[in-house]
Amino acid sequence: MTLRLIKDVMNISARLCQPLITQKLAFHNTPSVAAWEPNKTESGPTRWLENNKKIYPPQEPGEEPRPAFVCHQRENIKYSPKKMWYIACLVRGMSVDEAIKQLKFVTKKGAKDVREVIEEAKALAVQEHNVEFASNLWVAESFSGKGMVIKGLRRHARGRRGLIRYSYCHYFVRLEEGKPPKKYYASAPKEPHEMLEDWMTHMRRRKVFNSI
């Protein structure tokens, strides 16, 4: 009688513990932050290149011809996006040949990547976008964007640790057919002779009120 009672107690305890064991095995121990990690397999942004696939309606007779353009990019360049911004601003409004020539004299690390992207876009314009002359292009848009950031640790004194970030950036460029404008920026500074004329006009309009 005692052995039978012991077996019944063991069977009952095993049944009671089985849901707990199943629940323990099904427990998800992955941190919640991992659900928000970016997908490392993605090459980078893709919406900028979608501009090359856009189809425009036919133009009306007498309408100003729409210049051809090509958009190109390079993803995850091992360079700071803030430093790349200065190089991207340098070539805005320049012709393609002039931009490539100027970038050869820039000693910054990101100038090499910018020059290669512009050269690739120049070749794509002729091969895929029906541009007749490769030199008849100018840099209409040039800017950089923030890429992935990899965090690491740096050892400090007394057993301490410091956070270090390895920044990457994206570079985007749009080449447009035609000659570059004389002034790329609408609020560009005036020429020296224009500034002198404005100053002379202002000085001649001076007047002392309530005087003789």
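Q: Is Q73 buried or exposed?
A: In this predicted model, Q73 has its place in strand β1, and its relative accessible area is 5%. The cut-off for the buried class is under 20% relative accessible area. Because 5% lies within that class, Q73 counts as buried.

Q: Which residue has a side chain joined to that of Q73 by a polar contact of 2.7 Å?
A: The side chain of Q73, a residue of strand β1, also takes part in a polar contact with another side chain. At a distance of 2.7 Å, the partner is E75.

Q: What is the bridge partner of C71 in β3?
A: Strand β1, which covers residues 69-77, is mostly covered, with seven of its nine residues buried. β1 and strand β3 (residues 161-177) run antiparallel and are joined by seven bridges. Within this pairing, C71 has as its bridge partner R174.

Q: Is I150 buried, partly exposed or exposed?
A: I150 lies in strand β2, which spans residues 137-155, and together with M148 and Y166 it makes a nonpolar surface patch of about 240 Å². Its relative accessibility is 37%, and the class between the buried limit of 20% and the exposed limit of 50% is the one that applies. I150 is therefore partly exposed.

Key. Residues are numbered from 1 along each chain as its sequence is written. This is a predicted model: local features need pLDDT of at least 70, side-chain atom pairs count only at pLDDT 80 or more; totals for chains, interfaces and linings use all residues. Side-chain values use heavy atoms; hydrogens and water are left out. Buried means under 20% relative accessible area, exposed over 50%, partly exposed in between (1.4 Å probe, protein chains only). Helices (H or I, at least four residues) and strands (E, at least two) are DSSP runs, numbered from the N terminus. Two strands pair if DSSP finds at least two bridges between them. Patches are made of residues with over 30% relative accessible area and no salt bridge: like charges are joined within 9 Å, nonpolar side chains (Val, Leu, Ile, Met, Phe, Trp, Tyr) within 5 Å. Accessible areas come from the Shrake-Rupley method with a 1.4 Å probe; for residues, only the protein chains shown count as cover. A salt bridge is a side-chain nitrogen of Lys or Arg within 4 Å of a carboxyl oxygen of Asp or Glu. A polar contact is a pair of N or O atoms within 3.5 Å; within protein, one must be able to donate a hydrogen and the other to accept it, and residues adjacent in sequence count only if both atoms are side-chain atoms.
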